[in-house]
Amino acid sequence: MRTPALLSLALSLLWRERSAAEVRTLFWSLLIAVSASCSIGFFSARLQEAMVLRASEFLAADLVLSGSQPASVAQIDKGQALGLQHAQSVEFPSMLASAQGLQLASVKAVAAPYPLRGELKSTPRRFAEEQAGGLPQPGELWAEARLAQALGIEPGARIEVGAIELTLTRLLTYEPDRAGDFYSLTPRALINLSDLAATQVVQPGSRVRYRDYWRGSAEAVLAYRQQTKPGLAAHQQLLDARGGNTQVGGALSRAERYLNLASLAALLLAGVAVALSASRFATRRYDTSALLRCFGLQRRQITQLFCIQLLALGLFASLLGALLGWLGHLGLLHLLGGLLPEELPAVGWLPALAGIASGLITLAGFALPPLLNLGRVSPLRVLRRDLQPLPVAAWLSYALAIAALGLIMWRLSLDWRLTLALLGGGLFACLLLGSLLWLALRSLRRILENATLSWRLGLGQLLRHPLAATGQAMAFGLILLAMGVIGLLRGELLDNWQNQLPSDAPNHFAMNILPEQRQAFVSALEQQGAQSQPLFPLVPGRLIAINQQAVQQLVSKDSQGERAIQRDLGLTWAGDLPAGNKLTAGTWLGTTRSGLPGVSVESKLAENLKIQLGDRLTFSIAGQTREVEVSSLREVDWDSFQPNFYMVFAPGVLDDLPLTYLTSFHLPKSQEDALLPLSRQFPSVTLLQVDAILEQLRSILAQVSLAVEYVLLFVLAAGLCVLFAGLQATLDERLKQGAILRALGSSRRLLQQARLREFALLGTSSGILAMLGCELVSYLLYHFVLDIAWQPHPWLLLLPLAGALLVSLAGSLGTRRVIHASPLSVLRES
Amino acid sequence: MSNSILSAQDLSKVVPVAEGELTLLHPLSLDLQAGDSLAIVGSSGSGKSTLLGLLAGLDLPSQGRIVLDGLELATLDEDQRAAVRAERVGFVFQSFQLIDSLSAWENVMLPLELAGRRDARAHAQQLLERVGLAQRLRHLPRQLSGGEQQRVALARAFACNPAILFADEPTGNLDSQTGERISDLLFELNREQGTTLVLVTHDERLAHRCHRQIRLEAGHLLASVEP
């Protein structure tokens, strides 16, 4: 038979069988798999775009090109050719002078349309109402309140910046792209870019940071990124919303990971549904296959024929699924209308393509093994119907399913450790708990003999075929397990964010507290009802050498490492490991090999600067040099709004140097009036409000939390799909049994009771499996991946109940035909 | 007074099809006395099984009335008809129709339990011993041969001492030797219990063992023969 003829035969056979239950189930499983995957794909892509958009505010742009020298003309031309909006800033440290004093400041020269995302906020005088927008005009200077305070001036006063004098017109309260770096040590002064040349501060060799801000469509920004990245000079780097801010970046990547994991769970469940219905599809085609073999089709052609059918069905269901997924995500966006930005960026068709690909991969991985059996049906089956094909090797079935999962994991770029922990844990739980259930069902068999008819009818099937029943319970258990784990992770995710930003998260920083003011300041805070964090001693210092080698020669072109050596770091000391810090190597300020005092270094900075345990670090502090040895590396929770430090010294190393104290505290919004007396009482102390960034983070997290909750619905839909596919697989048997019982005179009530008992037991066993599996997976996950202390989750005890209810409900609905099975069918089958 | 156990008057069955209507059974009447045995014969598609389904109350006629043991089936709903079947009717099917998940014993107990009999277990055991399966009580249907499965089906059919027994090609799935033994057993049990028997069969020899025969062709009653 030629290929076109085979193709036409395959399609016409499929068309004729379109109303067959198993064809429909296969179609529906795939449709739900693809629409769930596409909905999640479209929704999370758009949500991520929206979140990136909000996060862009922390950069003041969509993309920032930053360097110690101006960007090249070609780099600027490229952006403008792509139609991107452009703004520039130049930042440099400079000593500012007023009639009353001098102060080192971080000066930033900007011009409209800066900022491209977000707005500057300022007040006309101290503690006046904050206003958004605007920019210092030529001749004007905006300064942070602590700078004005240090210089002893109020708005209206003149300030010398290099060679020119500018007028302080407003007090700067919020600068979008400084939000993530709000406890920088040097206070900010903002001037107009047109005044920069006249200051004559920026000379060859000056420490200057040039920034080019870009804003535009996601495609154009991406194009600019791709075109510019390969040609970046050694001093340049590109920053986007994901890498620009640790707090938002962390939240985004966690959310993304979660959404992808939920997507994997939905696909995995759909895969099981596809496997179940494909198996039924294949079993019901053994006769057709044997007949076609009799008619002269070769084995290979039989396999091709059914593969064409599978592909055609798969493509049709996937395309329709993608369309439904797209509509589904629109519905979801409509539901979340009030919470999302009005104009959500479009995301293209990539999620649809990815969803279709996932659907087809799932189909290939889970439906091919049973379908390959069809090629192995003996033509002799036309004479002997009991002849079964030799099944495809088990390893091939598993290998295909695992390969499919692997491909999907790769597409979702999931964390392999997390995924393996989940899959491995799930598999282990299945094997272990499945064996236990099998043993339990076997031992229950004896009890059944004396049970009433409805119990025997209901449970007979389960107990007489414990292996099949275990398989079914595990398939249903998998649904509950997937939903339980996703629910558990959701809880952890939300708790994590809740902990990160509790309602009493510090919303103010207090810096520059003099040692003699320390006690008085703490008491004053207590009096105002503010909740204060511990006070950390702070000594500004610069890292100048690692193992006696100048640090400039060692720095990689990495933002954090580079930034860390270009400015003073806040150095502190502590006897104990600060809260929220976690040792990753070495011992906390233990004895060192060289006998030098120990220092603990933040692990990411250590990685960037290639600092290892035992390295000697040299710091320049207040004109002196101090040498220390790295005794430990630490992970720091940058998401917390608490003072965090790159370097924590052993007590006694820095005590003799001039120091100030730093702390953060929470003051309710209603009590903000308390700030004024506080600042009057401690004029040298700099108070910094970080409410704006807190609120921005909270709103992002609220969006993500909501999305996370909705994603659970998709997993539930996929789970129900498995449930129905599983029920379909046993429907023929049930219909036959129902018809016999009806013919023998059984009432519908008896059938209903028996069915309910069966499903309740099946659901309860599935729930118990899922409960134990969930705890096992969560233990593996917490222990090996998330590094969270594991505790039992009592709410999981609800799973057996939920399983009983869910399976009973879906089972009763899915097999309602059994109740109405015509007793006449027992004659027809004869 | 007539001792009629089953009577059908002007019974017909018409089903809708794409082209309009298809008559499966043209109007026919018949009457069966208690203890009688009737064989319905005819070629495939002649309407034998349709008639059996109607007479047993598994389906309702398009026209006509059926009175089974004094009850007019058309006036009863499906659950009431099920109750009639449970109390008064036994069945034997060509493909045995045993419930796969129940043992031989439990399959025979089934109609007894449906009728609320307390001695279901003991009575089922006696019946299985009667059909020669005393050693196979706990076997599942798939562990039994075709002949053995049909014996279980016979034991089940006679379990409640039905007033009337309907058998649809009871030997159709068996080889001739086994078929012969099964039909012997069927008639023995029928005699012992004084049951009325309605039998659908292709097998002329089996048909001849009945008191009466009717022949159907294309839904028409061709002849009624009393051998």
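User: Why is strand 3 (residues 37-42) of chain B called largely enclosed by the rest of the structure?

Analyst: In this predicted model, six of the six residues of strand 3 of chain B are buried, so the strand is largely enclosed by the rest of the structure. Buried means under 20% relative accessible area, with exposed over 50% and partly exposed in between (1.4 Å probe, protein chains only). Strands (E, at least two residues) and helices (H or I, at least four) are DSSP runs, numbered from the N terminus.

User: How do you know that both faces of strand 3 of chain B are covered?

Analyst: In a regular strand the side chains alternate between the two faces of the sheet. On one side B:Ser37, B:Ala39 and B:Val41 are buried, and on the other B:Leu38, B:Ile40 and B:Gly42 are buried.

User: What makes strand 3 of chain B a partner of strand 8 (residues 196-200) and of strand 9 (residues 212-217) of chain B?

Analyst: Two strands pair if DSSP finds at least two bridges between them. Strand 3 and strand 8 of chain B are joined by four bridges and run parallel; strand 3 and strand 9 of chain B are joined by five bridges and also run parallel. Both pairs therefore meet the requirement of at least two bridges. B:Leu38 has B:Val198 of strand 8 as its bridge partner, and B:Ile40 has B:Ile214 of strand 9.

User: Why is helix 1 of chain B described as largely enclosed by the rest of the structure?

Analyst: Six of the eight residues of helix 1 of chain B are buried, so the description applies. These residues are B:Lys48, B:Leu51, B:Leu52, B:Gly53, B:Leu54 and B:Leu55. After helix 1 of chain B comes B:Gly57, with a positive phi near 80°.

User: What share of chain B and of chain A counts as buried?

Analyst: For chain B, 54% of its 227 residues count as buried; for chain A, 53% of its 830 residues do. Chain B has seven helices and 10 strands, while chain A has 25 helices and 23 strands.

User: How do you know that chain B and chain A are in contact?

Analyst: Contact means heavy atoms within 4.5 Å. By that rule, 33 residues of chain B are in contact with 27 residues of chain A. About 2,800 Å² is buried between the two chains, 55% of it on carbon and sulfur atoms; this buried area is the accessible area (1.4 Å probe) that two parts lose on being put together, summed over both. In chain B, the residues losing the most area to chain A are B:Gln97, B:Ser101 and B:Leu114, together 20% of what that side buries.

User: Why is the pair B:Glu78 and A:Arg742 called a salt bridge?

Analyst: The definition asks for a side-chain nitrogen of Lys or Arg within 4 Å of a carboxyl oxygen of Asp or Glu. The closest N and O atoms of B:Glu78 and A:Arg742 are 2.9 Å apart, so the pair qualifies. The rule finds four salt bridges across the interface of chain B and chain A.

User: Which helix of chain B gives the most to the side that touches chain A?

Analyst: Helix 2 of chain B does, with six residues. Helix 1 (48-55), helix 2 (78-88) and helix 3 (104-114) of chain B each supply at least two residues of that side.

User: What conventions and confidence limits apply?

Analyst: Residues are numbered from 1 along each chain as its sequence is written, and chains are lettered from A and ligands numbered from 1 in the order in which they are written. Local features need pLDDT of at least 70 and side-chain atom pairs count only at pLDDT 80 or more, while totals for chains, interfaces and linings use all residues; side-chain values use heavy atoms, leaving out hydrogens and water.
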